[in-house]
Amino acid sequence: MVYKALTIAGSDSGGGAGIQADLKTFQELGVFGMSALTAVTAQNTLGVQGVYPLSPEAVAKQIESVATDLGADAVKTGMLFSAEIIEAVAAKVKQFGWTCLVVDPVMIAKGGAPLLQEEAVNALKTYLLPLAMVVTPNIPEAEALTGLTIRTMEDRKEAAKRLHELGVKHVVIKGGHDDDGEETVDVLYDGSEFFYFTSKRIDTKHTHGTGCTFAAAITAELAKGKTVQEAVQTAKSFIQAAIEHTLGIGHGHGPTNHWAYREKAAR
Ligand SMILES: Nc1ncnc2c1ncn2[C@@H]1O[C@H](COP(=O)(O)OP(=O)(O)OP(=O)(O)O)[C@@H](O)[C@H]1O
Ligand SMILES: Cc1ncc(CO)c(N)n1
């Protein structure tokens with residue numbers, strides 16, 4: 001059985017985030033990766049030097065090519081850039097009846113460069129979240145999507161409930177941006193219960209692409225037929241190994257190590 005996953009996202013020339021992180025993660029987890037590019041970014045570990053979006057037609061056409069021939073067991077979205085691209089993607093997701101959809105609501109790169117136009121946040125809420133199986137905001141993204149200020153775990157739980165009301169079945173609010181304490185905690189809400197995924201916080205500046213990699217790992221595991229809870233657990237272990245065994249490349253915020261999880265399993 002060959003499991004297949006499609007990522008609809010932007011290209012990171014530096015290879016640590018975006019489509020490159022997604023395809024590497026799919027491959028590491030034994031899933032055949034396919035891609036529909038939404039934008040090309042000129043980017044490295046120091047920042048984003050240029051953003052060149054594709055037309056909504058070009059995005060829709062790539063999705064169609066994949067869907068009408070290869071098919072996909074799971075689909076992930078990352079950088080979508082504009083409301084027009086979001087609408088085009090949502091229309092295709094509906095047309096092909098994809099229900100195993102992971103939406104990583106990418107908004108701003110770690111260095112502060114915008115990867116989603118501000119007016120597109122509403123399009124995410126209106127068109128894409130109602131179709132999603134899982135949404136994976138970090139804390140600032142959860143704030144932008146809900147209008148809440150998130151300081152405590154109770155705030156995060158409230159934000160998860162509000163996002164669930166938009167129609168997405170599972171909400172994961174990641175804790176990478178919560179600088180308090182020795183641990184990073186990701187919270188999953190399935191509409192009735194909360195589940196916590198905890199790991200030791202690693203003191204490092206090399207966290208470029210952690211969000212993309214984490215959501216891609218969830219997508220790969222869902223493509224294999226795992227439950228959302230199982231998929232999030234594997235993704236948490238995958239990203240922990242990838243951050244822990246840093247590569248130390250580039251002059252800024254370096255990428256994570258996408259092969260660390262496999263090497264750890266082989267030991
Ligand atoms: N320093 C760290 N130590 C351990 N785990 C971390 C650390 N930073 C982030 N993580 C984990 O990485 C995953 C991604 O979380 P994060 O909040 O950093 O996403 P993000 O901001 O969307 O990332 P990016 O924008 O760089 O793609 C989560 O599972 C989180 O718990
Ligand atoms: C293309 C792209 N997608 C997502 C992110 C978020 O990490 C990034 N930096 N670049």
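Select helix α7 (residues 210–223) and helix α8 (residues 228–244): their axes come within 8 Å and cross at roughly 140°. That angle makes α7 oblique to α8. (Angles under 35 degrees count as roughly parallel, over 145 as roughly antiparallel, 65 to 115 as roughly perpendicular, and the rest as oblique.) Axes here are lines fitted to C-alpha atoms, for helices over the stretch in contact, with angles from 0 to 180 degrees between N-to-C directions. Helices are DSSP runs of H or I with at least four residues, strands are runs of E with at least two, and both are numbered from the N terminus.

This is a predicted model: local features need pLDDT of at least 70, side-chain atom pairs count only at pLDDT 80 or more, and totals for chains, interfaces and linings use all residues. Residues are numbered from 1 along each chain as its sequence is written, chains are lettered from A and ligands numbered from 1 in the order in which they are written, and side-chain values use heavy atoms, without hydrogens and water.

Stay on this pair. Show side chains in contact, meaning heavy atoms within 4.5 Å. From α7, pick Thr-210, Phe-214 and Ile-218, among others; α8 answers with residues including Val-228, Ala-235 and Phe-238. By class, this contact has 11 nonpolar, 3 polar and 2 charged residues. (Ala, Val, Leu, Ile, Met, Phe, Trp, Tyr, Cys and Pro count as nonpolar, Asp, Glu, Lys and Arg as charged, the others, Gly among them, as polar.)

Next, select helix α3 (residues 83–95) and helix α4 (residues 121–128). Their axes lie 9 Å apart at an angle of about 10°. So α3 is roughly parallel to α4. Ala-83, Ile-86, Glu-87, Val-89 and Ala-90 of α3 meet Ala-123, Leu-124, Tyr-127 and Leu-128 of α4. The count is 8 nonpolar, no polar and 1 charged.

Now the cysteines. The structure holds 0 disulfides (a disulfide is a pair of cysteine sulfur atoms within 2.5 Å). Cys-100 is buried at 13% relative accessible area, and Cys-212 is buried at 13%. (Buried means under 20%, exposed over 50%, partly exposed in between, with a 1.4 Å probe and protein chains only.)

Last stop: Ser-199, in strand β9 (residues 194–200). Ser-199 is buried, at 11%. Leaving out residues up to four places away in sequence, Ser-199 touches Glu-182, Glu-183, Thr-184, Lys-236 and Gln-240.
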